[in-house]
Amino acid sequence: MQSNRNGQDDALFPNGVGEWCHAFARRLWPIARSLTGAGTRETLRLLSEELPDLTVHGITSGTDAFDWTVPDEWTIRDAYIEDQDGIRIVDFKVNNLHVLGYSEPVDTWLSLEELDTHLYSLPDQPNAIPYVTSYYKRRWGFCLSQVMRDELKPGQYHVCIDADLSPGVLNYADLIIPGETDEEIFLSTYICHPSMANNELSGPMVTAALARWITSMPDRRYTYRIVFIPETIGSIIYLSRNLETMQSKVYAGFNVTCIGDDRCYSYLPSRNGRTISDRVAKHVLSHIEPDYQSYTWLDRGSDERQYCAPGVDLPVATIMRSKYGQYPEYHTSLDDLVNVVTPRGLAGGFNALQRAINILEQNVKPRVTTLGEPQLGKRGLYPNISAKGSADSVRVMMNMISYCDGEHSILDIAEILNEPFWELQSLMLPLIDKGLMEIT
Amino acid sequence: MQSNRNGQDDALFPNGVGEWCHAFARRLWPIARSLTGAGTRETLRLLSEELPDLTVHGITSGTDAFDWTVPDEWTIRDAYIEDQDGIRIVDFKVNNLHVLGYSEPVDTWLSLEELDTHLYSLPDQPNAIPYVTSYYKRRWGFCLSQVMRDELKPGQYHVCIDADLSPGVLNYADLIIPGETDEEIFLSTYICHPSMANNELSGPMVTAALARWITSMPDRRYTYRIVFIPETIGSIIYLSRNLETMQSKVYAGFNVTCIGDDRCYSYLPSRNGRTISDRVAKHVLSHIEPDYQSYTWLDRGSDERQYCAPGVDLPVATIMRSKYGQYPEYHTSLDDLVNVVTPRGLAGGFNALQRAINILEQNVKPRVTTLGEPQLGKRGLYPNISAKGSADSVRVMMNMISYCDGEHSILDIAEILNEPFWELQSLMLPLIDKGLMEIT
Amino acid sequence: MQSNRNGQDDALFPNGVGEWCHAFARRLWPIARSLTGAGTRETLRLLSEELPDLTVHGITSGTDAFDWTVPDEWTIRDAYIEDQDGIRIVDFKVNNLHVLGYSEPVDTWLSLEELDTHLYSLPDQPNAIPYVTSYYKRRWGFCLSQVMRDELKPGQYHVCIDADLSPGVLNYADLIIPGETDEEIFLSTYICHPSMANNELSGPMVTAALARWITSMPDRRYTYRIVFIPETIGSIIYLSRNLETMQSKVYAGFNVTCIGDDRCYSYLPSRNGRTISDRVAKHVLSHIEPDYQSYTWLDRGSDERQYCAPGVDLPVATIMRSKYGQYPEYHTSLDDLVNVVTPRGLAGGFNALQRAINILEQNVKPRVTTLGEPQLGKRGLYPNISAKGSADSVRVMMNMISYCDGEHSILDIAEILNEPFWELQSLMLPLIDKGLMEIT
């Protein structure tokens with residue numbers, strides 16, 4: 001049994017895992033990602049620099065995947081609104097949220113009245129640029145702050161979206177990290193959102209950090225399948241090509257999203273709700289933040305919709321910080337790397353998922369080797385047991401021993417005692433050392 | 001899968017099912033029903049006019065049925081108390097509750113003091129004539145309002161009960177409406193109470209309306225066994241003659257009683273408490289009236305006592321409006337067709353049972369035909385889905401789809417989502433139409 | 001089925017079982033019991049006078065038992081502290097709690113400062129002599145009230161503990177009372193505490209009374225295994241010598257301790273928590289004292305720690321009055337036979353355990369012999385049924401009958417109806433008498 005690892009002080013992340021993720025996110029921030037296109041490919045290329053074994057795949061537009069079809073590839077080069085004086089008042093190069101995702105090309109002059117039907121803003125958040133897409137219905141449009149919109153004067157405007165929407169490829173990537181068994185732990189995150197931080201740069205950043213940590217793990221029990229995909233269509237494509245393997249191999253899994261702000265922790269269950277992924281997620285969060293926010297399957301909204309769909313039914317749960325749709329900056333330009341996502345928030349998210357993975361790796365069934373209680377006194381195990389008050393620790397240790405019957409796993413015992421898995425592990429070490437406990 | 005039917009606007013009940021029941025009840029109101037006798041036969045004859053396939057049975061007095069024996073037949077022709085001036089101050093012909101049910105004959109003069117031991121009234125409800133019977137111990141008596149009783153002056157009174165209590169027959173009726181399978185849905189109601197409305201004319205009236213509606217159903221899955229019996233002794237006789245068949249065939253059942261006032265809805269479970277009848281009753285009531293009154297098996301008091309007895313154990317639950325014993329007019333002359341039972345109350349009771357039967361008939365296990373979520377957008381299924389707010393409906397539809405795995409029935413899903421069965425059915429129709437959902 | 005017995009008015013205990021226990025406790029009070037030694041042997045000898053079939057065992061010091069070793073025998077003859085004037089200011093012969101249990105011998109002069117490190121008192125309970133032992137680490141010491149300690153003046157003191165701590169034997173006793181089957185009910189109590197009353201003379205006293213009552217039972221279904229042992233080491237030794245037999249035979253069991261004060265009732269579960277012993281304990285206590293104190297396995301502290309240890313797993317629960325560690329006089333000289341343990345308290349504890357044993361003996365599965373409800377009226381079973389309000393009793397009787405299906409035990413039914421087992425038994429007697437109910 002290995003002790004709990006802490007990525008923060010690891011040689012892998014010299015300035016801490018939170019800073020590592022945040023620095024990487026700052027590099028990816030300006031790239032104009034979407035379901036498809038050059039921005040997404042550039043994002044995957046930069047991920048490959050950190051994860052050399054990452055394999056990038058491309059699927060041709062028009063390919064069928066379950067009930068869906070791979071859409072045309074979107075190439076966006078420039079997009080702006082100019083006024084009659086030739087002044088660019090809305091400019092994609094200033095903020096790539098300004099263009100409605102998957103806009104068809106346009107280059108024309110319009111009156112303000114005509115233009116207005118193509119504008120998106122948020123009256124309740126007047127300084128935010130909203131994030132809007134139209135993947136499956138052809139449209140064009142611009143997103144801007146309500147403040148900017150209110151300043152537009154009657155007159156003619158030149159709108160230009162220099163884009164292509166035509167057959168190409170959709171890209172995604174995966175990484176298989178082998179372990180002692182071919183049973184898999186599955187991590188999925190998405191890479192289709194442009195310049196926003198909690199939803200979504202936090203997801204691929206923390207997943208990349210986890211992949212680096214997992215790769216460095218000396219004695220992995222499980223094989224890890226880690227995927228970076230565009231949301232929805234990407235998970236559908238991935239499942240359509242890997243379903244049989246995944247159904248036979250995946251033991252546990254997490255969808256990694258919205259994992260970078262420092263406000264709360266959140267849990268969203270699998271459809272089944274009682275998988276090992278669900279138990280582990282709830283256990284970790286209940287001890288990291290007892291008041292964590294618990295959602296239901298009916299609150300879902302990300303790739304768990306595909307991973308847990310009828311007939312798919314993978315054991316995928318979700319550990320988040322502030323959940324998509326539940327924080328004010330969600331899907332706007334305000335979801336940034338300054339005020340929302342912080343190194344500390346990213347480190348917390350990494351820590352929660354790392355603890356969950358450690359539990360999955362280490363959840364053995366201990367058995368006390370004596371009949372009746374062991375006599376701890378003669379072995380000097382009563383004092384100096386742990387950091388907590390000694391009497392409390394002895395009580396927890398005796399309670400733990402009373403359940404070490406070879407039938408309860410450490411997680412079972414941790415749930416019964418309402419003590420953290422990792423604290424029970426540290427109480428077990430001296431007992432194993434003295435031959436009083438064995439692992440079955 | 002058939003759509004939900006609504007008896008109210010059916011050709012079967014041109015003025016509405018509530019008015020149909022109420023009008024029929026008004027015809028049956030004056031008849032002097034009891035466990036046995038001419039009044040009960042006349043009641044069954046009038047029911048047969050509406051339900052031509054009804055079979056009337058007669059069992060000879062003295063016949064054994066389980067632990068019970070069919071009692072003598074009671075024939076009541078007249079009953080009154082006259083004062084010394086020959087004035088009828090209590091008269092069975094004015095209200096048939098005035099004579100204690102199953103009174104033995106008497107014709108004599110008594111002092112007020114002697115008479116008083118044979119009188120029954122309710123001090124707390126001074127205007128109500130109570131309903132009192134003595135089926136298994138020979139007595140005679142008169143029931144009257146406390147107001148009438150208080151006006152009786154000392155003196156001699158002539159009491160006359162012109163009745164026979166002698167071997168004859170006990171009558172009941174049943175109706176078998178065949179369906180695709182010989183599995184049965186069982187409905188039982190009782191016809192032994194004289195002029196009272198919620199307990200009991202509401203029971204046989206709503207049952208008769210249900211029988212008419214079931215007969216008109218084009219594609220019944222189940223066979224229906226519908227019985228009109230005197231309470232307790234009737235259900236014991238019926239079981240003693242049909243137990244083996246019923247134990248092998250009855251899939252679900254309801255005891256139909258107290259189903260006509262418009263105050264509340266009530267549920268009383270089967271002994272088992274977890275039968276399909278119980279689940280359906282609770283589901284219907286929770287969506288018709290979320291604050292419905294829920295009783296326990298320990299509150300029982302009608303024929304479920306026999307249908308759910310040890311060794312009988314039929315899956316019989318009870319859906320009521322105001323439960324017997326729980327409303328002030330219960331078992332008195334105040335339980336009438338004016339202030340207590342109304343067309344609207346009867347229609348509500350009919351509707352609850354009709355919905356329960358529809359669920360039993362239609363509770364299939366739907367399965368989504370795609371892997372992963374279906375793409376609703378390309379099929380135009382996102383907008384115009386239902387009457388509710390569109391976003392809510394899309395959310396409910398997506399939640400429903402997420403459970404359509406061929407293992408959950410519609411009722412299972414309705415319980416998980418806390419949505420009415422019938423609303424999920426209407427959301428399913430376009431999906432079935434587009435080939436996205438199939439029924440297993 | 002036998003009726004409920006009440007030890008209080010039995011010929012076995014002419015002055016009541018509480019007084020019998022209390023009188024016996026007064027005889028045992030002055031004896032200096034410990035894990036081993038003459039006091040414990042004398043205690044077992046006096047128990048044997050009341051329980052002639054009791055077998056006393058002796059195990060040699062140094063014998064291994066599971067993870068433990070039988071300690072040396074402790075012989076204590078005298079112990080005191082004298083001041084410079086030769087006055088005995090602390091004297092074992094006045095109260096045997098004054099010497100720390102298992103003190104090694106000492107005979108020397110010390111300054112008050114040196115003496116002080118060997119003194120034990122309770123500042124918060126200044127009049128109480130604490131009970132302190134050091135079985136597995138060699139020490140010597142004196143226990144005294146804080147008031148006495150505060151009066152000690154600087155100076156020299158003569159301390160003398162005239163004791164031996166050397167190889168000998170550890171004694172315990174058991175009693176097997178055979179029944180119709182060789183399935184066993186197991187009772188365990190401990191006899192290692194000197195002059196204290198609730199913890200522990202109440203335990204062996206009530207256990208002795210139960211043994212006398214059980215012996216007098218004419219038609220025992222179960223065999224009884226009753227043990228009197230020193231706590232912890234005694235149960236470990238007993239298990240190490242009887243584990244296989246006990247694991248195959250013991251159907252239910254109770255650890256009998258802290259059973260003599262008259263303040264509250266308490267329940268501590270087995271590790272499993274759902275054994276028949278647990279169900280019976282909770283049922284009895286919920287009807288004797290609805291507000292009884294319920295503890296969890298994590299609050300354990302007596303021999304259940306061994307009986308329910310992993311790999312042992314006997315179905316042993318604990319019924320107590322005030323639990324060890326939870327009443328102010330616990331483990332002090334204040335835990336006495338005057339203010340804490342009373343005849344009434346002992347009788348209550350005996351009564352709870354007696355009822356539990358009666359339930360275990362008599363928990364059959366009754367079956368009503370009729371189909372449908374029996375007709376109680378014709379058998380005169382409606383009136384004069386029990387002491388309670390007649391209508392309530394009829395209601396309880398009918399509810400009970402409705403569950404007498406040969407599948408529910410009396411305890412099952414008592415739990416469903418929330419009525420005492422023994423009241424259901426008395427309602428059953430006339431039904432059995434009339435042939436309406438049979439026992440399966």
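Which side chain of chain A does Arg379(B) meet in a salt bridge? The partner is Asp67(A), and the N to O distance is 2.6 Å. Before I go further, please keep in mind that this is a predicted model.

Let me stay with chain B and chain A. The contact takes 20 residues from chain B and 17 residues from chain A. About 1600 Å² is buried between these two chains, and carbon and sulfur atoms give 46% of that area. On the chain B side, the residues that lose the most area to chain A are Leu371(B), Glu373(B) and Gln375(B). Together these three account for 42% of what that side buries. As a general point, side chains of opposite charge can pair when their charged atoms come close.

Now the contact of chain C with chain A. Here 17 residues of chain C touch 20 residues of chain A. The buried area is about 1600 Å², with 46% of it on carbon and sulfur atoms. Which residues of chain C lose the most area to chain A? They are Asp67(C), Leu298(C) and Pro310(C), which together make up 39% of what the chain C side buries. Asp67(C) also forms a salt bridge, with Arg379(A) as its partner. The closest N and O atoms of that pair are 2.7 Å apart.

Over all chains, the count comes to 86 salt bridges. One of them is found inside a helix, so to speak: Arg45(A) and Glu42(A) both lie in helix H2 of chain A, residues 38-50. These two residues are three apart in the chain, about one turn of the helix. Their side chains meet in a salt bridge at 3.0 Å, N to O.

Next, helix packing, with one example from each chain.

In chain A, the pair is helix H1, residues 17-28, and helix H5, residues 197-216. Their axes come within 9 Å and cross at roughly 130 degrees. H1(A) and H5(A) are therefore oblique to each other. The crossing is right-handed. From H1(A), the contact has Val17(A), Trp20(A), Cys21(A), Phe24(A), Ala25(A) and Leu28(A). From H5(A), it has Leu201(A), Met205(A), Val206(A), Ala208(A), Ala209(A) and Arg212(A). By class, that gives eleven nonpolar residues, no polar ones and one charged.

In chain B, look at helix H9, residues 343-362, and helix H12, residues 421-433. The axes come within 10 Å, and the crossing angle is roughly 50 degrees. That makes H9(B) oblique to H12(B). H9(B) passes H12(B) in a left-handed crossing. Arg355(B), Ile359(B) and Gln362(B) of H9(B) meet Phe421(B), Trp422(B) and Gln425(B) of H12(B). How do the residues of this contact divide by class? Three are nonpolar, two are polar and one is charged.

In chain C, the example is helix H7, residues 276-288, with helix H11, residues 410-417. They pack at an angle of about 45 degrees, and their axes are 11 Å apart. That makes H7(C) oblique to H11(C). The crossing of H7(C) past H11(C) is left-handed. H7(C) contributes Ile276(C), Arg279(C), Val280(C) and His283(C), while H11(C) contributes Leu411(C), Asp412(C), Ala414(C) and Glu415(C). The residues in this contact divide into four nonpolar, one polar and three charged.

Note on methods:
Residues are numbered from 1 along each chain as its sequence is written. Chains are lettered from A and ligands numbered from 1 in the order in which they are written. This is a predicted model: local features need pLDDT of at least 70, side-chain atom pairs count only at pLDDT 80 or more; totals for chains, interfaces and linings use all residues. Side-chain values use heavy atoms; hydrogens and water are left out. Axes are lines fitted to C-alpha atoms, for helices over the stretch in contact, and angles run from 0 to 180 degrees between N-to-C directions. Helices (H or I, at least four residues) and strands (E, at least two) are DSSP runs, numbered from the N terminus. Angles under 35 degrees count as roughly parallel, over 145 as roughly antiparallel, 65 to 115 as roughly perpendicular and the rest as oblique. A crossing is left-handed if the near helix is turned anticlockwise from the far one by less than a right angle, and right-handed if clockwise. Contact means heavy atoms within 4.5 Å. Ala, Val, Leu, Ile, Met, Phe, Trp, Tyr, Cys and Pro count as nonpolar, Asp, Glu, Lys and Arg as charged, and the others, Gly among them, as polar. Buried area is the accessible area (1.4 Å probe) that two parts lose on being put together, summed over both. A salt bridge is a side-chain nitrogen of Lys or Arg within 4 Å of a carboxyl oxygen of Asp or Glu.
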